[in-house]
Amino acid sequence: MSVAVRPARIADVDDIREVIDRYAAEDRMLERSRDFLLEHVRDFLVAQDMAGFLGCCALAVLTPDLAEIRSLAVRPEASGRGVGRALVLACVAEARRLGLRRVFALTLVPEFFGKCGFVITSLGRLPEKSAEECPVCPKRFACDEHAMLLHLDGTIPEPLAANEPVGYTRLFLGQEPR
Ligand SMILES: CC(C)(COP(=O)(O)OP(=O)(O)OC[C@H]1O[C@@H](n2cnc3c(N)ncnc32)[C@H](O)[C@@H]1OP(=O)(O)O)[C@@H](O)C(=O)NCCC(=O)NCCS
């Protein structure tokens, strides 16, 4: 069955919340309230097929140069069909349309983002994120996320230096993730 990706509508909010909550309950992503989703619904894309909702993803613009892919979630029943990649590539296309230069994601599945063309970087190279939002993140004392970056001008982000810390906890608090 073919998959279509489109901007989210208000009527999608309950499906978006349901799939995010499912993974949040397993500590695989951050929970989002219904109010938050309504406020940010214009950031969201959803994937669907003839049978209905398959997954979602959000593109949040952080600066005139940089956007973050957030809240990527594909229903487990739909996994392995290219839905996640279609959502990420649609966010990347939207970032290009907006005129942004870089897109990143903080993720527990760096290999998946690697398949979408992103390369691993250090959160220290994304101070727009690490200075603003990481200090209030519930995972700040045990950050196990990987920062994955894509340059939209075709250049390759500078590779990580040997032993360069990746996540927030080690980088800014000098602690090992628990
Ligand atoms: C991670 C997730 C979005 C993948 O969605 P999906 O629709 O199953 O992925 P796709 O079918 O588009 O996979 C694209 C490629 O990534 C690979 N891939 C998918 N999930 C992967 C994973 N967890 N680890 C490594 N590679 C993965 C696929 O094998 C495929 O590779 P290929 O190009 O060699 O065939 C989905 O499993 C999910 O929602 N996970 C839980 C929530 C989560 O972790 N979200 C990310 C938060 S940033």
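Mentor: For the classes used below, Ala, Val, Leu, Ile, Met, Phe, Trp, Tyr, Cys and Pro count as nonpolar, Asp, Glu, Lys and Arg as charged, and the others, Gly among them, as polar. Please keep in mind that this is a predicted model.

Trainee: How do the residues of the shell around the ligand divide into nonpolar, polar and charged?

Mentor: The shell is made up of 20 residues, of which Ser 79, Gly 84, Arg 85, Thr 107 and Glu 111 come nearest to the ligand. Over the whole shell, the division is 10 nonpolar, five polar and five charged.

Trainee: Which helices and strands each supply at least two residues of that shell?

Mentor: The shell draws on both domains, with at least three residues from each of domain 1 (1–62 + 70–90) and domain 2 (101–178). The elements that each supply at least two residues are strand S4 (66–74), helix H3 (83–98), strand S5 (102–107) and helix H4 (110–115).

Trainee: How many Å separate the centres of domain 1 and domain 2?

Mentor: The domain assignment gives domain 1 as 1–62 + 70–90 and domain 2 as 101–178. Taken over C-alpha atoms, the separation of their centres is 22 Å.

Trainee: How many residues does the contact take from each domain, and of which classes are those on the side of domain 1?

Mentor: The contact takes six residues from domain 1 and six residues from domain 2. On the side of domain 1 that touches domain 2, the classes are three nonpolar, one polar and two charged.

Trainee: Is strand S5 largely enclosed or largely open, and how many of its residues are buried?

Mentor: A residue is buried if 20 or more other C-beta atoms lie within 10 Å of its own. Arg 102, Phe 104 and Leu 106 point one way from S5, Val 103, Ala 105 and Thr 107 point the other way, and all are buried. S5 is therefore largely enclosed by the rest of the structure, the number of buried residues being six of the six.

Trainee: Which residues are the bridge partners of Phe 104 in the strands beside S5?

Mentor: S4 and S5 run parallel and are joined by three bridges, one of which pairs Glu 68 with Phe 104. S5 and strand S7 (residues 146–151) run antiparallel, with six bridges between them. There the partner of Phe 104 is Leu 149.

Trainee: What is the handedness of the crossover from S4 to S5?

Mentor: S4 and S5 run parallel. The chain passes from S4 through H3 to S5, and the β-α-β crossover it forms is right-handed.

Trainee: With which residues is Val 61 in contact, leaving aside its neighbours within four places in sequence?

Mentor: Val 61 is placed in strand S3 and counts as partly exposed, because it has 14 C-beta neighbours inside 10 Å. Its C-alpha atom is separated by 8.5 Å from that of Ala 95, 34 residues apart along the chain. The contacts of Val 61 are Ala 67 and Leu 98.

Trainee: Which phi values are positive in Asp 27 and Ser 71?

Mentor: Most residues other than glycine have a negative phi. Asp 27 is in the loop between helix H1 (13–24) and helix H2 (34–39) and is exposed, because it has 11 C-beta neighbours inside 10 Å. Ser 71 is in strand S4 and is buried, because it has 23. The phi of Asp 27 is near 65°, and that of Ser 71 is near 50°.

Note on methods. Residues numbered from 1 in each chain as written. Predicted model: local features only at pLDDT ≥ 70, side-chain atom pairs only at ≥ 80, totals over all residues. Domains from an automatic or database assignment. Contact = placed C-beta atoms within 7 Å. Near = placed C-beta within 6 Å. Helix = DSSP H or I, 4+ residues; strand = E, 2+ residues; numbered from the N terminus. Buried ≥ 20, exposed ≤ 12 C-beta atoms within 10 Å, placed from the backbone. Pairing = 2+ DSSP bridges. Right-handed = clockwise from strand over helix to strand, strands pointing away.
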